[in-house]
Amino acid sequence: MKVILHVDMDSFFSAVEVRENPELKGLPVIVGGKIETEEEITAEEPDRKIRGVVSTCSYEAREYGIHSAMPLSRAYELCPDAKFLPVNMPLYKRVSREIMTILKEYADKIEQVSIDEAFLDVSTKVRNWDEAREYALRIKREILEKEELTCSIGIAPNKTIAKIASAFVKPDGLTVVEEVKAREFLAPLPVKKIPGVGPKTEQMLKKMNIEQIGQLASYDVQELVAKFGKYGTRLHLIANGIDESEVEEEWERKSLSRERTFAEDTKDASVLNNCVDELAEEVYNTIKKEGFVFKTVALKVKFEDFVVCTRAKTLKSFHSELSMLKKIAKELMTEFSQGKGKEKEKKIRLVGVRVSNLGVVDEKQRRIV
Ligand SMILES: [Mg+2]
């Protein structure tokens, strides 16, 4: 049995803002840009337009008819008292990483699809749909406890239905669509609920008198192919609850490295150590910016004869200090320069420093997790 979860954080940016600023709780919060105060707007340039669009808004703001992608100026007209906040992407990215770290623990495979959404294949973790529901509840609880944020989860036999299901009840929703009930669940929904069906496809389908997924499911597949090509087949399958696409373990930051080739091959210990120091600093600056901590430090050396050797050391716990990174990298370098007979004799052409086994810094607790 295949069990796929789609986890979608609820109004993610504004929810994070409210978490960070509890006085915003219960208020209409709009993330997307800064708007001048009343005085600034009415004073000299009454017509000055407020630029930008709503990125996310709280559910309280949605009650005023405000939604994502709406021009901020319009949102301001609808609710001048809303709290307008600029997009603080570094903060959201950090929280996103923490959430993905939690989700990873629950998944056989995980595919992050956006900053606040991921597919989890949990097929080996649960035996039936009841267990899947319990499992999803555990995920929701852990995210709420650790991150003080709610999410909505869709559970289904495939990715497409899981995604549709996570949007079915929101916020703080949990929707299970068992395999045998998939077609029944999809049938009454408008076709635009299918991920990828935009206004254009919706319009084309409407001209064919297809407005609900059920109508699409029973439509002649050949006619769909004539109209949409291959995509017609896919639409027909999806409408019938079939989607074979796998949860793709996606790229993630697993390591970070910097390397340098010398202008002239060298055996000079001070040159080599200086180089290691500099590379360690470059690596450190990047992982610090991205909020990572490391467990493994590796040193790569390419000798004058182009033979490449790597040595690595893994620490018992995560570290974040530059001094530790430098220390280990230099120890590894010493191992090379004092190494076995042959290595010791050779000049070095290139040096690289790499950190891997990366973790994230828990910002709330200001410590390493
Ligand atoms: Mg979301």
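The axes of helix 13 (residues 269-290) and helix 14 (residues 322-337) come within 9 Å of each other and cross at roughly 145°; axes here are lines fitted to C-alpha atoms, for helices over the stretch in contact, and angles run from 0 to 180 degrees between N-to-C directions. Please keep in mind that this is a predicted model: local features need pLDDT of at least 70, side-chain atom pairs count only at pLDDT 80 or more, and totals for chains, interfaces and linings use all residues. Residues are numbered from 1 along each chain as its sequence is written.

**The helix pair**

- The crossing of helix 13 and helix 14 is right-handed (a crossing is left-handed if the near helix is turned anticlockwise from the far one by less than a right angle, and right-handed if clockwise).
- On the helix 13 side, the residues that meet helix 14 include Leu272, Val276, Ala280 and Tyr284; among their counterparts in helix 14 are Leu325, Ala329 and Met333.
- Contact here means that the C-beta atoms of two residues, placed from the backbone, lie within 7 Å.

**Overall build**

- The protein has 15 helices and 14 strands; helices (H or I, at least four residues) and strands (E, at least two) are DSSP runs, numbered from the N terminus.
- Its radius of gyration is 27 Å, while a compact globule of 369 residues would have one near 21 Å (taken over C-alpha atoms, with the globule rule being 2.2 Å times the number of residues to the power 0.38).
- Along the principal axes, the C-alpha atoms fill a box of roughly 80 × 60 × 40 Å.
- Of the 369 residues, 33% count as buried; a residue is buried if 20 or more other C-beta atoms lie within 10 Å of its own, exposed if 12 or fewer, and partly exposed in between, with C-beta atoms placed from the backbone.
- Among contacts with a separation of 6 or more, 63% join residues 24 or more positions apart.

- Five strands make an open sheet with mixed pairing, in the order 5-6-1-7-8; two strands pair if DSSP finds at least two bridges between them.
- Strand 5 (109-114) and strand 8 stand at the edges with a single partner strand each, so one side of each has no neighbour in the sheet.
- On average, neighbouring strands of this sheet are turned by 15° against each other, direction ignored.
- Helix 5 (residues 89-106) packs on the sheet, touching strand 1, strand 5 and strand 6 (117-121), and its direction makes about 15° with that of strand 6.
- Helix 7 also packs on the sheet, where it touches strand 1, strand 6, strand 7 and strand 8; the direction of helix 7 makes about 145° with that of strand 7.

**A look at strand 7**

- Six of the six residues of strand 7 (residues 151-156) are buried.
- Side chains in a regular strand alternate between the two faces of the sheet.
- In strand 7, Cys151, Ile153 and Ile155 lie on one side and Ser152, Gly154 and Ala156 on the other, and both faces are covered.
- Strand 1 (residues 4-9) pairs with strand 7 in the antiparallel sense over six bridges, with serine 152 as the bridge partner of aspartate 8.
- Strand 8 (residues 174-176) pairs with strand 7 in the parallel sense over three bridges; glycine 154 has threonine 175 as its bridge partner in strand 8.
- From strand 7 the chain crosses through helix 7 (residues 159-166) to strand 8, and this β-α-β crossover is left-handed (it would be right-handed if, with the strands pointing away from the viewer, the path from the first strand over the helix to the second ran clockwise).

- A second open sheet with mixed pairing has the strand order 3-2-4.
- Strand 3 (56-57) and strand 4 (83-85) are its edge strands, each pairing on one side only.
- Strand 2 (residues 29-31) and strand 4 pair in the parallel sense over three bridges, and isoleucine 30 has phenylalanine 84 as its bridge partner.
- Helix 1 (residues 12-20) packs on this sheet, touching strand 2, strand 3 and strand 4, with its direction at about 120° to that of strand 2.

**Backbone details in loops**

- The peptide bond from lysine 170 to proline 171 is cis, with omega near -5°; proline 171 sits in the loop between helix 7 and strand 8.
- Serine 11, in the loop between strand 1 and helix 1, has a positive phi near 30° and counts as buried because it has 24 C-beta neighbours inside 10 Å.
- Asparagine 209, in the loop between helix 9 (199-207) and helix 10 (213-217), has a positive phi near 65° and counts as exposed because it has 8 C-beta neighbours inside 10 Å.
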